[in-house]
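Thanks for asking me to look this one over.

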Amino acid sequence: MRYALIGCGRISPNHIEAARNNNLDFVAMCDLLPEAMAEKTNKFHLENVRQYTDYRELLIKEKPQLVAIATESGKHAQIALDCIEQGCNIIIEKPIALSLSDADKIISAGHKKGVVVCANHQNRFNKSIQYIRKSLLEGRFGKLSHGAAHVRWNRGKSYYDQAPWRGTWEQDGGCLMNQCIHNIDLLRWMMGDDVEEVMAYTDQLQHNYLETEDLGLAVVKFSNGSYGVIEGTTNVYPKNLEETLYIFGDKGTVKAGGTSDNIIEECRFADNKDDPEDVKKVYGENPPNVYGYGHTPLYADVIESIKCEREPYVSGEAGRRALELVLAIYKSAAEHRPIKLPLSECSTMDFVGRFDK
(Lines give C-alpha, C1' and ligand atoms only; values in the text may rest on other atoms or scores of the structure.)
Protein backbone atom coordinates (compact mmCIF):
# COMPACT_ATOMS: atom_id res chain seq x y z
CA MET A 1 0.00 0.00 0.00
CA ARG A 2 1.50 3.32 -1.11
CA TYR A 3 1.96 5.61 1.89
CA ALA A 4 2.90 9.26 2.33
CA LEU A 5 3.51 11.44 5.37
CA ILE A 6 2.58 15.13 5.39
CA GLY A 7 4.31 16.94 8.24
CA CYS A 8 7.72 15.99 9.61
CA GLY A 9 7.67 17.58 13.04
CA ARG A 10 7.65 16.33 16.63
CA ILE A 11 5.18 13.44 16.18
CA SER A 12 6.41 12.25 12.77
CA PRO A 13 8.84 9.59 14.11
CA ASN A 14 5.89 7.66 15.54
CA HIS A 15 4.21 7.67 12.14
CA ILE A 16 7.40 6.62 10.37
CA GLU A 17 7.90 3.71 12.77
CA ALA A 18 4.24 2.68 12.48
CA ALA A 19 4.43 2.72 8.68
CA ARG A 20 7.56 0.58 8.81
CA ASN A 21 6.14 -1.83 11.37
CA ASN A 22 3.14 -2.37 9.08
CA ASN A 23 5.26 -2.85 5.92
CA LEU A 24 3.76 0.09 4.05
CA ASP A 25 5.38 1.24 0.84
CA PHE A 26 6.63 4.63 2.09
CA VAL A 27 6.89 6.60 -1.15
CA ALA A 28 6.94 10.28 -0.13
CA MET A 29 7.04 12.85 2.64
CA CYS A 30 6.20 16.52 2.71
CA ASP A 31 7.12 19.48 4.88
CA LEU A 32 7.52 23.19 4.31
CA LEU A 33 10.97 22.91 5.89
CA PRO A 34 13.42 20.82 3.81
CA GLU A 35 15.67 20.52 6.85
CA ALA A 36 12.91 18.71 8.74
CA MET A 37 12.68 16.12 5.98
CA ALA A 38 16.47 15.85 5.79
CA GLU A 39 16.65 15.17 9.51
CA LYS A 40 14.08 12.37 9.30
CA THR A 41 15.77 10.93 6.21
CA ASN A 42 19.09 10.70 8.03
CA LYS A 43 17.64 9.39 11.27
CA PHE A 44 15.46 6.70 9.70
CA HIS A 45 17.47 5.99 6.52
CA LEU A 46 14.69 7.13 4.18
CA GLU A 47 16.88 7.88 1.18
CA ASN A 48 14.36 6.27 -1.20
CA VAL A 49 11.45 8.35 0.10
CA ARG A 50 10.85 11.32 -2.18
CA GLN A 51 10.55 14.78 -0.64
CA TYR A 52 8.06 17.56 -1.39
CA THR A 53 7.39 21.00 0.02
CA ASP A 54 3.97 21.14 -1.71
CA TYR A 55 1.62 18.40 -0.54
CA ARG A 56 -0.71 18.91 -3.50
CA GLU A 57 2.15 18.12 -5.86
CA LEU A 58 2.88 15.01 -3.80
CA LEU A 59 -0.73 13.83 -4.06
CA ILE A 60 -0.82 14.25 -7.85
CA LYS A 61 2.59 12.76 -8.59
CA GLU A 62 2.75 9.94 -6.05
CA LYS A 63 -0.91 8.90 -5.87
CA PRO A 64 -0.64 7.47 -2.33
CA GLN A 65 -3.36 5.16 -1.06
CA LEU A 66 -2.86 6.15 2.57
CA VAL A 67 -1.72 9.54 3.88
CA ALA A 68 -0.90 10.54 7.45
CA ILE A 69 -1.46 14.22 8.23
CA ALA A 70 0.86 15.42 11.01
CA THR A 71 1.10 19.16 10.41
CA GLU A 72 0.08 21.96 12.73
CA SER A 73 -3.54 21.49 13.78
CA GLY A 74 -4.95 24.45 11.90
CA LYS A 75 -3.92 22.94 8.57
CA HIS A 76 -5.42 19.50 9.17
CA ALA A 77 -8.81 20.22 7.63
CA GLN A 78 -7.73 21.61 4.26
CA ILE A 79 -5.06 18.97 3.77
CA ALA A 80 -7.54 16.25 4.71
CA LEU A 81 -10.12 17.53 2.23
CA ASP A 82 -7.51 17.71 -0.55
CA CYS A 83 -6.36 14.16 0.22
CA ILE A 84 -9.92 12.85 0.17
CA GLU A 85 -10.57 14.61 -3.13
CA GLN A 86 -7.65 12.65 -4.58
CA GLY A 87 -9.11 9.40 -3.27
CA CYS A 88 -6.65 8.93 -0.41
CA ASN A 89 -7.45 7.18 2.85
CA ILE A 90 -6.24 9.33 5.73
CA ILE A 91 -4.97 9.24 9.29
CA ILE A 92 -5.31 12.70 10.87
CA GLU A 93 -3.28 13.59 13.93
CA LYS A 94 -5.31 15.07 16.78
CA PRO A 95 -7.33 17.16 16.71
CA ILE A 96 -9.17 16.21 13.54
CA ALA A 97 -9.79 19.95 12.94
CA LEU A 98 -10.19 23.17 14.90
CA SER A 99 -13.84 23.79 14.04
CA LEU A 100 -16.87 21.52 14.02
CA SER A 101 -17.83 22.65 10.52
CA ASP A 102 -14.43 21.55 9.20
CA ALA A 103 -14.72 18.22 11.01
CA ASP A 104 -18.17 17.71 9.46
CA LYS A 105 -16.79 18.50 6.00
CA ILE A 106 -14.02 15.92 6.42
CA ILE A 107 -16.40 13.21 7.61
CA SER A 108 -18.94 13.93 4.87
CA ALA A 109 -16.30 14.03 2.13
CA GLY A 110 -14.81 10.75 3.34
CA HIS A 111 -18.17 9.00 3.18
CA LYS A 112 -18.92 10.38 -0.26
CA LYS A 113 -15.55 9.28 -1.65
CA GLY A 114 -15.67 5.94 0.11
CA VAL A 115 -12.29 6.39 1.81
CA VAL A 116 -11.25 5.67 5.39
CA VAL A 117 -10.93 8.66 7.71
CA CYS A 118 -9.16 7.86 10.98
CA ALA A 119 -8.60 10.26 13.88
CA ASN A 120 -5.21 9.54 15.43
CA HIS A 121 -6.25 8.93 19.03
CA GLN A 122 -3.64 6.22 19.49
CA ASN A 123 -4.02 5.89 23.26
CA ARG A 124 -7.18 3.87 22.66
CA PHE A 125 -4.79 1.07 21.71
CA ASN A 126 -2.82 1.14 24.98
CA LYS A 127 -2.90 -2.30 26.66
CA SER A 128 -4.23 -0.65 29.80
CA ILE A 129 -7.01 1.15 27.95
CA GLN A 130 -7.96 -1.97 26.02
CA TYR A 131 -8.29 -3.82 29.32
CA ILE A 132 -10.54 -1.10 30.74
CA ARG A 133 -12.64 -0.98 27.59
CA LYS A 134 -13.11 -4.77 27.54
CA SER A 135 -14.11 -4.73 31.20
CA LEU A 136 -16.59 -1.93 30.49
CA LEU A 137 -18.19 -3.76 27.57
CA GLU A 138 -18.49 -6.88 29.71
CA GLY A 139 -20.44 -4.86 32.27
CA ARG A 140 -17.91 -5.39 35.03
CA PHE A 141 -18.16 -1.80 36.30
CA GLY A 142 -21.88 -2.12 36.91
CA LYS A 143 -23.63 1.25 36.86
CA LEU A 144 -21.14 4.01 36.03
CA SER A 145 -20.89 6.76 38.62
CA HIS A 146 -18.20 9.06 37.32
CA GLY A 147 -14.84 9.21 35.63
CA ALA A 148 -11.92 11.60 35.78
CA ALA A 149 -9.23 12.60 33.29
CA HIS A 150 -6.14 14.40 34.57
CA VAL A 151 -3.23 15.66 32.48
CA ARG A 152 -0.64 17.25 34.75
CA TRP A 153 2.21 18.22 32.48
CA ASN A 154 4.84 20.88 31.97
CA ARG A 155 5.46 22.92 28.84
CA GLY A 156 7.88 25.85 29.01
CA LYS A 157 8.77 28.68 26.69
CA SER A 158 11.40 26.64 24.84
CA TYR A 159 8.67 24.22 23.70
CA TYR A 160 6.56 27.02 22.24
CA ASP A 161 9.58 28.73 20.69
CA GLN A 162 10.24 25.56 18.65
CA ALA A 163 7.06 26.17 16.61
CA PRO A 164 5.34 29.59 16.52
CA TRP A 165 1.94 28.02 15.72
CA ARG A 166 1.74 26.42 19.17
CA GLY A 167 -0.54 28.16 21.62
CA THR A 168 -2.39 30.14 18.92
CA TRP A 169 -6.13 30.02 18.35
CA GLU A 170 -5.76 29.81 14.57
CA GLN A 171 -3.38 26.86 14.43
CA ASP A 172 -3.50 25.06 17.78
CA GLY A 173 -5.67 25.92 20.76
CA GLY A 174 -4.40 25.60 24.31
CA CYS A 175 -3.44 22.78 26.66
CA LEU A 176 -6.86 21.13 26.45
CA MET A 177 -6.83 20.96 22.65
CA ASN A 178 -3.18 20.03 22.26
CA GLN A 179 -1.91 18.15 25.30
CA CYS A 180 -5.16 16.88 26.86
CA ILE A 181 -7.41 15.86 23.98
CA HIS A 182 -6.27 12.22 24.03
CA ASN A 183 -7.38 11.79 27.63
CA ILE A 184 -10.56 13.76 27.01
CA ASP A 185 -11.28 11.38 24.14
CA LEU A 186 -10.79 8.37 26.43
CA LEU A 187 -13.06 9.78 29.14
CA ARG A 188 -15.90 10.49 26.73
CA TRP A 189 -15.49 7.10 25.03
CA MET A 190 -15.56 5.19 28.31
CA MET A 191 -18.47 7.10 29.82
CA GLY A 192 -20.85 6.41 26.96
CA ASP A 193 -19.98 9.13 24.43
CA ASP A 194 -23.25 11.07 24.75
CA VAL A 195 -22.76 14.33 26.67
CA GLU A 196 -25.67 16.35 28.03
CA GLU A 197 -23.95 19.39 29.53
CA VAL A 198 -20.54 20.89 30.33
CA MET A 199 -19.50 23.47 32.92
CA ALA A 200 -15.93 24.76 32.87
CA TYR A 201 -13.24 27.26 33.72
CA THR A 202 -10.12 27.92 31.68
CA ASP A 203 -7.33 30.37 32.45
CA GLN A 204 -3.87 31.48 31.44
CA LEU A 205 -1.77 31.55 34.60
CA GLN A 206 1.87 31.15 33.59
CA HIS A 207 2.12 31.36 29.79
CA ASN A 208 1.40 35.02 29.11
CA TYR A 209 3.28 34.84 25.81
CA LEU A 210 0.54 32.59 24.37
CA GLU A 211 -2.97 33.35 23.14
CA THR A 212 -4.55 30.31 24.79
CA GLU A 213 -5.17 28.61 28.14
CA ASP A 214 -2.65 26.70 30.22
CA LEU A 215 -5.27 25.41 32.69
CA GLY A 216 -8.67 23.87 32.07
CA LEU A 217 -11.14 22.49 34.64
CA ALA A 218 -14.49 21.02 33.67
CA VAL A 219 -17.41 18.95 34.92
CA VAL A 220 -19.25 16.90 32.32
CA LYS A 221 -22.74 15.47 32.68
CA PHE A 222 -23.24 12.42 30.48
CA SER A 223 -26.62 11.41 29.10
CA ASN A 224 -26.52 8.07 30.94
CA GLY A 225 -26.54 9.87 34.30
CA SER A 226 -22.82 9.58 35.01
CA TYR A 227 -20.38 12.46 35.39
CA GLY A 228 -16.87 13.31 34.30
CA VAL A 229 -14.18 15.55 35.75
CA ILE A 230 -11.47 17.00 33.53
CA GLU A 231 -8.27 18.69 34.73
CA GLY A 232 -5.65 19.70 32.20
CA THR A 233 -2.61 21.89 32.64
CA THR A 234 0.89 22.57 31.34
CA ASN A 235 1.87 24.40 34.53
CA VAL A 236 3.22 21.51 36.62
CA TYR A 237 6.68 22.18 38.09
CA PRO A 238 9.30 21.13 37.05
CA LYS A 239 8.32 18.43 34.51
CA ASN A 240 5.46 16.19 33.41
CA LEU A 241 3.87 14.52 36.43
CA GLU A 242 1.17 12.19 35.11
CA GLU A 243 -1.72 11.46 32.80
CA THR A 244 -4.42 9.52 34.59
CA LEU A 245 -7.85 8.15 33.82
CA TYR A 246 -10.25 6.95 36.53
CA ILE A 247 -13.46 5.00 35.93
CA PHE A 248 -15.83 4.42 38.86
CA GLY A 249 -18.88 2.15 38.90
CA ASP A 250 -20.91 0.50 41.65
CA LYS A 251 -19.10 -2.78 40.95
CA GLY A 252 -15.69 -1.66 39.78
CA THR A 253 -12.90 0.89 40.10
CA VAL A 254 -9.92 1.32 37.76
CA LYS A 255 -7.15 3.87 37.54
CA ALA A 256 -4.86 4.06 34.52
CA GLY A 257 -1.79 6.23 34.93
CA GLY A 258 1.86 6.60 34.07
CA THR A 259 3.24 8.60 31.18
CA SER A 260 0.11 8.41 29.03
CA ASP A 261 -2.49 6.14 30.65
CA ASN A 262 -0.13 3.27 29.85
CA ILE A 263 -0.25 1.35 33.14
CA ILE A 264 -2.97 0.06 35.45
CA GLU A 265 -2.37 1.55 38.90
CA GLU A 266 -5.57 0.37 40.59
CA CYS A 267 -8.00 -2.37 39.62
CA ARG A 268 -10.90 -3.66 41.72
CA PHE A 269 -13.99 -5.51 40.49
CA ALA A 270 -16.75 -7.15 42.52
CA ASP A 271 -16.63 -10.27 40.32
CA ASN A 272 -13.00 -11.00 41.31
CA LYS A 273 -12.39 -12.52 37.87
CA ASP A 274 -8.74 -11.55 37.79
CA ASP A 275 -5.97 -10.76 40.23
CA PRO A 276 -5.24 -7.00 40.41
CA GLU A 277 -1.50 -7.55 40.64
CA ASP A 278 -1.55 -9.79 37.56
CA VAL A 279 -3.55 -7.16 35.68
CA LYS A 280 -0.94 -4.51 36.54
CA LYS A 281 1.86 -6.72 35.19
CA VAL A 282 0.13 -7.91 32.02
CA TYR A 283 -1.45 -4.63 30.93
CA GLY A 284 1.36 -2.21 31.77
CA GLU A 285 3.74 -0.60 29.28
CA ASN A 286 6.69 1.74 29.66
CA PRO A 287 6.88 3.90 26.52
CA PRO A 288 9.82 6.25 25.95
CA ASN A 289 7.57 9.33 25.67
CA VAL A 290 3.99 10.53 26.04
CA TYR A 291 3.06 9.31 22.56
CA GLY A 292 3.17 5.68 23.67
CA TYR A 293 3.07 2.62 21.44
CA GLY A 294 -0.40 3.12 19.95
CA HIS A 295 0.50 4.33 16.47
CA THR A 296 1.53 0.89 15.19
CA PRO A 297 -1.73 -0.91 16.12
CA LEU A 298 -3.73 2.11 14.94
CA TYR A 299 -2.05 1.86 11.54
CA ALA A 300 -2.67 -1.90 11.46
CA ASP A 301 -6.37 -1.30 12.10
CA VAL A 302 -6.58 1.37 9.39
CA ILE A 303 -4.89 -0.90 6.84
CA GLU A 304 -7.33 -3.69 7.69
CA SER A 305 -10.28 -1.30 7.53
CA ILE A 306 -9.22 -0.21 4.04
CA LYS A 307 -8.88 -3.80 2.85
CA CYS A 308 -12.14 -4.92 4.46
CA GLU A 309 -14.07 -1.73 3.59
CA ARG A 310 -15.16 -1.06 7.17
CA GLU A 311 -14.97 1.84 9.59
CA PRO A 312 -11.67 2.17 11.48
CA TYR A 313 -11.56 1.56 15.23
CA VAL A 314 -11.05 5.33 15.71
CA SER A 315 -13.27 6.99 13.12
CA GLY A 316 -13.57 10.58 12.00
CA GLU A 317 -16.75 10.77 14.04
CA ALA A 318 -14.77 9.80 17.15
CA GLY A 319 -12.32 12.60 16.40
CA ARG A 320 -15.23 15.02 16.09
CA ARG A 321 -16.62 14.00 19.48
CA ALA A 322 -13.29 14.72 21.19
CA LEU A 323 -13.08 18.07 19.40
CA GLU A 324 -16.67 18.93 20.34
CA LEU A 325 -16.05 18.33 24.04
CA VAL A 326 -12.95 20.54 24.10
CA LEU A 327 -14.79 23.30 22.26
CA ALA A 328 -17.74 22.99 24.65
CA ILE A 329 -15.33 23.48 27.56
CA TYR A 330 -13.91 26.58 25.87
CA LYS A 331 -17.40 27.92 25.23
CA SER A 332 -18.59 27.32 28.78
CA ALA A 333 -15.53 29.03 30.25
CA ALA A 334 -15.76 31.99 27.89
CA GLU A 335 -19.51 32.53 28.39
CA HIS A 336 -19.57 31.66 32.12
CA ARG A 337 -22.48 29.25 31.76
CA PRO A 338 -23.31 25.57 31.27
CA ILE A 339 -23.23 24.47 27.63
CA LYS A 340 -25.69 21.93 26.26
CA LEU A 341 -24.56 19.37 23.72
CA PRO A 342 -24.61 18.54 20.88
CA LEU A 343 -22.95 21.60 19.36
CA SER A 344 -23.64 22.29 15.70
CA GLU A 345 -20.86 24.84 15.28
CA CYS A 346 -17.94 26.13 17.29
CA SER A 347 -14.31 26.95 16.47
CA THR A 348 -11.14 27.87 18.32
CA MET A 349 -11.34 31.15 16.41
CA ASP A 350 -14.44 32.02 18.45
CA PHE A 351 -12.12 32.62 21.41
CA VAL A 352 -9.56 34.97 19.89
CA GLY A 353 -8.69 37.64 22.46
CA ARG A 354 -9.93 35.55 25.38
CA PHE A 355 -6.78 36.03 27.44
CA ASP A 356 -5.54 39.34 26.06
CA LYS A 357 -4.21 41.43 28.89
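1. One thing to keep in mind from the start: this is a predicted model.

2. Let me begin with strand 5, residues 89–93. How many of its residues are buried? The count is 5 of 5, so to speak a mostly covered strand under the cut-off of under 20% relative accessible area. Cover comes from both sides: Asn 89, Ile 91 and Glu 93 are buried on one face, and Ile 90 and Ile 92 are buried on the other.

3. Strand 5 has partners to look at as well. Strand 4, residues 66–69, runs parallel to strand 5 and is joined to it by 4 bridges; in this pairing, Leu 66 has Asn 89 as its bridge partner. Strand 6, residues 117–120, is also parallel to strand 5, again with 4 bridges. There, Ile 90 stands opposite Val 117.

4. The connections between these strands deserve a look in the viewer. From strand 5 the chain passes through helix 5 (residues 100–113) to strand 6, in a right-handed β-α-β crossover. Strand 4, helix 4 (residues 76–85) and strand 5 likewise form a β-α-β unit that is right-handed.

5. Next, please find Leu 98, in the loop between strand 5 and helix 5. Why does Leu 98 count as buried? Its relative accessible area is 7%, and the cut-off is under 20%. Beyond its sequence neighbours up to four places away, Leu 98 touches a list of residues that includes Ser 73, Gly 74, Trp 169, Met 177, Leu 323 and Cys 346. For Gly 232, 134 residues away along the chain, the C-alpha separation from Leu 98 is 18 Å.

6. Gln 122 is another loop residue, placed between strand 6 and helix 6 (127–137). With a relative accessible area of 1%, Gln 122 is buried. What does its side chain meet? A polar atom of the Gln 122 side chain lies 3.1 Å from the backbone oxygen of Tyr 291. Setting aside neighbours within four places in sequence, Gln 122 is in contact with His 182, Tyr 291, Gly 294, His 295 and Leu 298.

7. Now for the rings: the structure holds 12 aromatic pairs. In one of them, Tyr 3 and Phe 26 have ring centres 5.1 Å apart and planes at 70°, so this pair is edge-to-face. Because Tyr 3 is in strand 1 (residues 2–6) and Phe 26 is in strand 2 (residues 25–30), the pair ties together parts 23 residues apart in sequence.

8. Tyr 131 sits in helix 6 and Tyr 283 in the loop between helix 10 (276–282) and helix 11 (295–308), so parts 152 residues apart in sequence are tied together.

9. Finally, two arginines to check against rings. The charged end of Arg 124 sits over the ring of Trp 189, 4.2 Å from the ring centre. Arg 140 places its charged end over the ring of Phe 269, 4.1 Å from the centre.

Definitions and conventions. Residues numbered from 1 in each chain as written. Predicted model: local features only at pLDDT ≥ 70, side-chain atom pairs only at ≥ 80, totals over all residues. Heavy atoms only, no water. Buried < 20%, exposed > 50% of the residue type's maximum accessible area, 1.4 Å probe, protein only. Helix = DSSP H or I, 4+ residues; strand = E, 2+ residues; numbered from the N terminus. Pairing = 2+ DSSP bridges. Right-handed = clockwise from strand over helix to strand, strands pointing away. Polar contact = N/O pair within 3.5 Å; in protein donor to acceptor, adjacent residues only side chain to side chain. Contact = heavy atoms within 4.5 Å. Phe/Tyr/Trp six-rings, centres within 6.5 Å; stacked < 30°, edge-to-face > 60°. Lys NZ or Arg CZ within 6 Å of the ring centre and 35° of its normal.
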